[in-house]
There are 2 protein chains.
Amino acid sequence: MHMQRIRVVKEALDANNTIARANRADFDRAGVAVVNLMSAPGSGKTTLLERSLARLDEWNDATPAPRLGIIEGDVQGNFDAQRLAEFHVPVVQINTDAGFGGECHLDANMVRSALPSMPLDSIELLVIENVGNLVCPAEFKVGEDHRVMITSVTEGEDKPLKYPLMFRACELVVINKIDLLPHLDVDLNQLLKNIDAAHPGVRCMLVSAKTGEGLDAWCEWLWSTARKATAAV
Amino acid sequence: MHMQRIRVVKEALDANNTIARANRADFDRAGVAVVNLMSAPGSGKTTLLERSLARLDEWNDATPAPRLGIIEGDVQGNFDAQRLAEFHVPVVQINTDAGFGGECHLDANMVRSALPSMPLDSIELLVIENVGNLVCPAEFKVGEDHRVMITSVTEGEDKPLKYPLMFRACELVVINKIDLLPHLDVDLNQLLKNIDAAHPGVRCMLVSAKTGEGLDAWCEWLWSTARKATAAV
């Protein structure tokens with residue numbers, strides 16, 4: 001019984017990977033870099049994107065900021081999509097609540113269903129804001145180049161030990177809400193040690209989307225992903 | 001294809017409900033009240049339980065505190081179980097990471113597998129700390145009497161609108177970390193309005209597990225669930 005269950009899951013992931021590769025091919029043809037942004041609910045993904053979009057205009061003319069598109073994944077509602085559409089970038093909302101109680105992650109087919117609404121030829125960087133969840137989003141590739149997770153310091157030091165796959169699946173961990181550290185019983189060094197135990201050597205970035213601390217490094221990293229993709233086309 | 005998928009999910013939930021009823025029968029025979037405690041990762045479930053267990057000893061002798069047991073659900077590790085076992089109550093750890101990347105919720109069969117290790121005849125109240133996730137745990141009954149969720153104010157006002165099933169599935173919403181409100185751009189009234197929009201009339205409790213604010217009301221509610229179950233046997 002246990003074996004059978006694993007087989008079915010494997011098949012589901014095989015099908016997902018097939019569609020993820022098709023998405024990947026479309027992104028490559030258009031020269032679009034794709035970042036899959038994941039976190040627990042309320043870690044600040046949307047606020048970080050708002051702050052990043054606000055920086056686009058201020059960016060150094062010598063290294064022009066990329067044209068962004070955003071796919072928003074939520075169980076229900078389009079609140080985050082509305083917030084981001086204020087910045088006049090193309091935003092496509094995916095809701096995962098059709099039938100059942102709602103899917104807890106985006107999969108490659110959901111992202112594929114959003115692509116006809118996204119002008120891939122007019123953008124250089126697509127950010128996919130996944131459903132807030134530290135487990136399943138890490139299991140489903142969607143055709144992205146880069147996987148990034150945000151962990152808020154308010155969530156405690158122990159999350160890398162309890163949700164190791166998510167930390168292992170990402171090449172960059174953004175540690176957000178560092179402005180709150182003085183008000184928390186959270187040991188930042190222990191959090192960094194636990195992240196490194198889950199994913200040795202993974203890059204970490206300390207950020208406060210609220211105060212703007214660390215935003216330059218984050219935007220530089222994000223914009224650089226787009227420059228690499230454009231250079232490759 | 002879409003229809004077939006829904007059918008399979010329904011069958012999975014039917015099987016889950018069958019096992020949940022078997023769990024329920026065992027709890028009833030033993031006169032044990034069961035609380036399913038759910039939240040996003042890092043909302044403070046374990047810390048709230050630590051504070052509740054610390055109160056057990058101080059409780060009024062006229063209304064004796066119940067004997068507790070705890071089932072801990074995590075993808076990986078037993079950090080929370082270790083923290084709670086310090087209070088000399090029976091704690092059973094369920095890890096959901098067998099095969100695959102880990103299940104993002106507890107289901108009735110996982111809880112059933114933990115019952116032989118839990119001395120049901122020696123306890124009056126069983127608290128099941130679910131995997132940190134605002135989506136799937138709400139979809140899987142495990143045989144509980146009461147479903148409670150914790151939402152931390154750091155997660156923002158919009159979570160009831162984005163994860164409505166979780167808020168609708170619970171009879172009590174504990175709003176935790178209220179000590180951080182002065183440091184956040186979060187509107188508590190808007191959060192309360194959004195909770196009421198998702199689940200009209202649901203009881204909300206303002207708590208800071210850190211400072212102890214609101215803990216009396218929470219413990220009184222928790223202990224009262226056990227008294228009702230014992231009275232019914």
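**Exercise 1. State where B:Asn176 lies in chain B, whether it is buried or exposed, and what it touches.**

Solution. B:Asn176 lies in strand E6 of chain B, residues 172–176; strands are DSSP runs of at least two residues, numbered from the N terminus. The model is predicted: local features need pLDDT of at least 70, side-chain atom pairs count only at pLDDT 80 or more, and totals for chains, interfaces and linings use all residues. Residues are numbered from 1 along each chain as its sequence is written, chains are lettered from A in the order in which they are written, and side-chain values use heavy atoms, without hydrogens and water.

Next, take the accessible area. B:Asn176 has a relative accessible area of 2% and is buried (under 20%, 1.4 Å probe, protein chains only).

Then list the contacts (heavy atoms within 4.5 Å). Leaving out residues up to four places away in sequence, B:Asn176 touches, among others, B:Ser43, B:Gly44, B:Thr151, B:Val207 and B:Ala209. A polar atom of the B:Asn176 side chain lies 3.1 Å from the backbone nitrogen of B:Ala209.

**Exercise 2. Find how chain A is laid on chain B.**

Finally, compare the interfaces. Of the interface residues of chain A, 98% are also interface residues in chain B, so the copies meet through the same surface.

Definitions and conventions. Copies are superposed by least squares on the C-alpha atoms of residues with pLDDT of at least 70 in both. Helices (H or I, at least four residues) and strands (E, at least two) are DSSP runs, numbered from the N terminus. Buried means under 20% relative accessible area, exposed over 50%, partly exposed in between (1.4 Å probe, protein chains only). A polar contact is a pair of N or O atoms within 3.5 Å; within protein, one must be able to donate a hydrogen and the other to accept it, and residues adjacent in sequence count only if both atoms are side-chain atoms.
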